[in-house]
Amino acid sequence: GIWTLAERRAWAPPEKLTCSQWAARYRIITGKDAAEPGRWRHARTPALVEVMDSLGDPDIDEVILRKAARIGGSEATRNALGYWLDQDPGPVMLVYPSKDAAQEQITNEIIPMLQGCPRLKRHLTGRAFDLNKSEIETQRARVYIGYGGSPQSLASRTIRYVIFDEADKFPEFSGREASPLALARRRLQTFGRRKKLVIISTPTTRDGVISKCFDE
């Protein structure tokens, strides 16, 4: 009886949940453009259960998802983001094709998810300036935002989790800098086997990023 509820909650060990179990229990769809807002339901996208559990599996350090359009793949990665922040925190980088795409995703999807899921909201600092379009600070970990046309946004960070969303829409690599994927892999090295690289996209051509990564 000497510990407060907040202290007991802070020191409690994480639940032993898979990523899909976490999503079913805690994820609330809150994005401004959500077709079906409310609690996440696996019945709508059963094929994503295996994907999510791969994203949360500590024995898997790279996940390549070559997918059809509009099947919920990006939502699965957002479930993984919530799972990591709540269950196994570490610095995260979300990489989008362009600066506009990054800011749109952060404003319309990521921040509403963090604020709309009670399980995640309790990890927020309560400071408005910690939720911005270039970096999100939580009590558990930082979430950095990068985009394909800016090597600087991918450099000089120590990252545990990296998600490349819609990799085939990234701008043509100029060759003057290391490729975005090469930069990301360097950022992950510190975490060794605990790292996670996620590349997700609808394919464009056989020579596109996602097809090459998938074939490899």
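Leaving out neighbours within four places in sequence, Gly38 is in contact with Arg27, Ile28 and Ile29, where contact means heavy atoms within 4.5 Å. The model is a predicted one, so local features need pLDDT of at least 70 and side-chain atom pairs count only at pLDDT 80 or more, while totals for chains, interfaces and linings use all residues. Residues are numbered from 1 along each chain as its sequence is written, and side-chain values use heavy atoms, with hydrogens and water left out.

**Gly38**

- Gly38 sits in strand S2 (residues 38-39); helices (H or I, at least four residues) and strands (E, at least two) are DSSP runs, numbered from the N terminus.
- Gly38 counts as partly exposed because its relative accessibility is 22%; buried means under 20% relative accessible area, exposed over 50%, and partly exposed in between, using a 1.4 Å probe and protein chains only.

**Where H3 meets H4**

- Two packed helices are described by the angle between their axes and the distance between the axes.
- For helix H3 (residues 48-56) and helix H4 (residues 73-87), the axes come within 9 Å and cross at roughly 35°. Axes here are lines fitted to C-alpha atoms, for helices over the stretch in contact, with angles running from 0 to 180 degrees between N-to-C directions.
- The H3 and H4 crossing is right-handed, meaning the near helix is turned clockwise from the far one by less than a right angle, with anticlockwise being left-handed.
- H3 brings Leu48, Met52, Leu55 and Gly56 to the contact, and H4 brings Gly73, Ala76, Thr77, Asn79, Ala80, Tyr83 and Trp84.
- By class, that contact has seven nonpolar, four polar and no charged residues. Ala, Val, Leu, Ile, Met, Phe, Trp, Tyr, Cys and Pro count as nonpolar, Asp, Glu, Lys and Arg as charged, and the others, Gly among them, as polar.

- Gly56, in helix H3, is buried because its relative accessible area is 16%.
- Not counting residues up to four places away in sequence, Gly56 touches Cys19, Tyr83, Trp84 and Lys196.
- Gly56 and Ile106 are 50 residues apart in sequence, with 22 Å between their C-alpha atoms.
- Ala76, in helix H4, is buried because its relative accessible area is 1%.
- Ala76 touches Leu48, Met52 and Leu55, again not counting residues up to four places away in sequence.
- From Ala76 to Ala12 is 64 residues along the chain and 26 Å between C-alpha atoms.
- Thr77, also a helix H4 residue, is buried because its relative accessible area is 7%.

**The cavity**

- Searching the whole structure turns up one cavity of 30 Å³ or more. On a 1 Å grid over the protein atoms alone, a cavity is a set of points where a 1.4 Å probe fits but cannot get out, a pocket is an open set with protein on both sides within 12 Å along at least five of seven lines, and lining residues have an atom within 4 Å of a point.
- The largest cavity has a volume of about 60 Å³; grid points are joined across faces, edges and corners, and a volume is the space filled by probe spheres set on the points.
- Its lining is made up of Ser74, Thr77, Arg78, Leu81, Leu94, Tyr96, Ile110, Ile163 and Asp165.
- H4, strand S4 (92-96) and strand S7 (161-165) are the elements giving two or more residues to this lining, and H4 gives the most, with four.
- The cavity lining splits into five nonpolar, two polar and two charged residues.

**The largest pocket**

- The largest pocket holds about 1,100 Å³ of space.
- Of its 35 lining residues, the closest to the centre are Arg70, Gly72, Ser74, Glu75 and Arg78.
- H4 and helix H5 (99-116) each supply at least two lining residues, and the largest share, five residues, comes from H5.
- By class, the pocket lining has 12 nonpolar, nine polar and 14 charged residues.

**Two loop residues with positive phi**

- Arg70 has a positive phi of about 60° although it is not a glycine.
- Arg70 lies in the loop between strand S3 (62-66) and H4, and Arg70 is exposed because its relative accessible area is 83%.
- Glu166, not a glycine either, has a positive phi of about 55°.
- Glu166 lies in the loop between S7 and helix H8 (180-188), and Glu166 counts as buried because its relative accessibility is 16%.
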